[in-house]
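Work through the exercises below with the structure at hand. Try each task before reading its solution.

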Amino acid sequence: MSRPALRLAAAALAVLAPAAALADTAADRRGDTAFHDPAIAHAPADGVVRLYGAGGPHTAFQKVADVWEERTGTEVEVVAGPESDWTADAQRGADILWGTSEQSMTAFLLTYTAFDPASVEPIFLRPAVIAVAAGNPRGIEGFDDLLAEDVRIVVTEGAGVYNTSGTGVWEDVAGRLGRLEDVARFRGNIVAYALGSGASYAQFAERDADAWITWPNWPITKDDLDMVELAPERTIWRDVNVAVSPDADPEARAFLDFLVGEEGQALMRTEGWVR
């Protein structure tokens, strides 16, 4: 190789070398979160199967837990809600973590370092849907109705600061057919970007909204909401997944086996969860 060619090759390597040094993965950041407390000892084996995660799946999980608890005599505690409410308890005593999407579980594993990322198991799926006020006063039948000029929409969005399964779902639905105009018109009708589904539910009422892009369990479990399904070509699916602590109570695995078994699946389907 000529000297000019060698100089060019060396220059190219000099440009590329910093890129490798700047590589960033979830594994690099484990334990580096605001919630992680290295002083908390993880010791979940106490005879109670404890599950922690964001709200949404918890109502269906509780139905399964009630049946399993009555049948086996082993107590199951399902704890849901904003992560800040339960993070210390989960770091100390969670047998099982659930994530309401893959990106949610990836975020959780940065804080809950006792859990092995390789152990994460997707267990159910559900589709995004449109929640409307009970009785559907605006007569919304599908996505195209959300593009009208006077429609008021709530979306769930993490906004870079909140771990929620809703992050990006509205954009995926609006952009599903590859039409930029759909995204722009939909975005123009958003009246609230709420941090989490619970906040979205509150904003739906407070903003007198017409529609909320969410998951089936919300309109199924709330008397003041009805559900409008999206057409297949617009539907986005996300999973719920679990990770079991290597130090979990032995009964934790037995509970999960029941959860994904035939009887557990039937109970989960009542709130829109499918395998």
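This is a predicted model.

**Exercise 1.** Classify V274 as buried, partly exposed or exposed.

*Solution.* Start with its place: V274 lies in the segment after α10 (262–269). Next, take its relative accessibility, 32%. Buried means under 20% and exposed means over 50%. V274 therefore counts as partly exposed.

**Exercise 2.** Find the salt-bridge partner of D89 and say how the two residues are placed in their helix.

*Solution.* The partner is R92, at 3.2 Å from N to O. Both residues belong to helix α3 (residues 83–93). They are three residues apart, so about one helical turn separates them. D89 has a relative accessible area of 40%, so it is partly exposed. R92, at 40%, also counts as partly exposed.

**Exercise 3.** Describe the salt bridge between R138 and D210, and decide whether each residue is buried or partly exposed.

*Solution.* The closest N and O atoms are 3.3 Å apart. This pair links distant parts of the chain, 72 residues apart. R138 sits in the loop between β5 (129–133) and β6 (153–156). D210 sits in the loop between α7 (197–206) and β8 (211–214). R138 has 37% relative accessibility, so it counts as partly exposed. D210 has 13%, so it counts as buried.

**Exercise 4.** How many salt bridges does the structure hold?

*Solution.* The structure holds 14. Among them is D24 with R29, whose closest N and O atoms are 2.6 Å apart.

Technical notes. Residues numbered from 1 in each chain as written. Predicted model: local features only at pLDDT ≥ 70, side-chain atom pairs only at ≥ 80, totals over all residues. Heavy atoms only, no water. Helix = DSSP H or I, 4+ residues; strand = E, 2+ residues; numbered from the N terminus. Buried < 20%, exposed > 50% of the residue type's maximum accessible area, 1.4 Å probe, protein only. Salt bridge = Lys/Arg side-chain N within 4 Å of Asp/Glu carboxyl O.
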